[in-house]
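Subject: Structure handover

Hello,

Here is the structure for you to look at. My notes on its helices and pockets follow below.

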Amino acid sequence: MEDEGITLRLTHDQAFVLSDWLHQVMLQSDDLEGIVRDRAVWSPIYAISGTLDTKLSEIFMADYAERLNAAKERLRVSMYGESSESAAADGSAAAAPQALRAEERGSP
């Protein structure tokens with residue numbers, strides 16, 4: 001089978017938040033192998049992380065943390081329809097990802 005590339009499209013906010021998470025997992029964890037046991041998975045993880053690092057100027061900005069928090073909040077609102085403060089108050093945000101996955105699989 002020929003190795004054909006795959007294009008993955010993310011919003012800028014999604015790419016920014018994913019980049020930060022990957023950085024946390026890859027560089028600040030002493031146990032990447034404990035998180036991702038199959039070393040074959042490391043290849044795409046490093047490829048995605050490297051691509052994101054070359055595309056995101058925010059990672060070099062002094063207000064990185066503020067920009068990251070704003071991006072996370074926009075993603076929460078777009079996924080859950082509410083801010084993190086209101087979701088935390090009623091606990092509804094925890095069930096949303098599972099419901100989305102069920103819908104994607106066609107489950108009730």
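First, a term: helix axes here are lines fitted to C-alpha atoms over the stretch in contact, and angles run from 0 to 180 degrees between N-to-C directions. Helices themselves are DSSP runs (H or I, at least four residues), numbered from the N terminus.

This is a predicted model, in which local features need pLDDT of at least 70, side-chain atom pairs count only at pLDDT 80 or more, and totals for chains, interfaces and linings use all residues. Residues are numbered from 1 along each chain as its sequence is written, and side-chain values use heavy atoms, with hydrogens and water left out.

Helix 1 and helix 4

Helix 1 packs against helix 4 at about 120 degrees, and their axes are 9 Å apart. The crossing is left-handed; that is, the near helix is turned anticlockwise from the far one by less than a right angle. Contact means heavy atoms within 4.5 Å. Helix 1 brings Asp13, Gln14, Phe16, Val17 and Asp20 to this contact. Helix 4 answers with Tyr64, Arg67, Leu68, Ala71, Lys72, Arg74 and Leu75. By class, six of these residues are nonpolar, one is polar and five are charged. Here Ala, Val, Leu, Ile, Met, Phe, Trp, Tyr, Cys and Pro count as nonpolar, Asp, Glu, Lys and Arg as charged, and the others, Gly among them, as polar.

Helix 1 and helix 3

The axes of helix 1 and helix 3 come within 10 Å and cross at roughly 125 degrees. These helices are therefore oblique too. Their crossing is left-handed. Ala15, Leu18, Ser19, Leu22 and Met26 in helix 1 touch Ile45, Tyr46, Ile48, Ser49, Leu52 and Asp53 in helix 3. The contact holds eight nonpolar, two polar and one charged residues.

Pockets

A pocket is an open set of points on a 1 Å grid over the protein atoms alone, where a 1.4 Å probe fits, with protein on both sides within 12 Å along at least five of seven lines. Lining residues have an atom within 4 Å of a point. Volume is the space filled by probe spheres set on the points, which are joined across faces, edges and corners.

The largest pocket has a volume of about 310 Å³. It has 13 lining residues, and Leu8, Leu10, Ile48, Thr51 and Leu52 are the closest to its centre. Helix 3 (42-55) gives the most to this lining, with six residues. The lining has nine nonpolar, three polar and one charged residues.

The second largest pocket has a volume of about 230 Å³. Its lining includes Leu10, Gln14, Val17 and Met79. Helix 1 and helix 4 (64-80) each give two or more residues. Helix 4 has the largest share, five.

Best wishes

Terms used. Angles under 35 degrees count as roughly parallel, over 145 as roughly antiparallel, 65 to 115 as roughly perpendicular and the rest as oblique.
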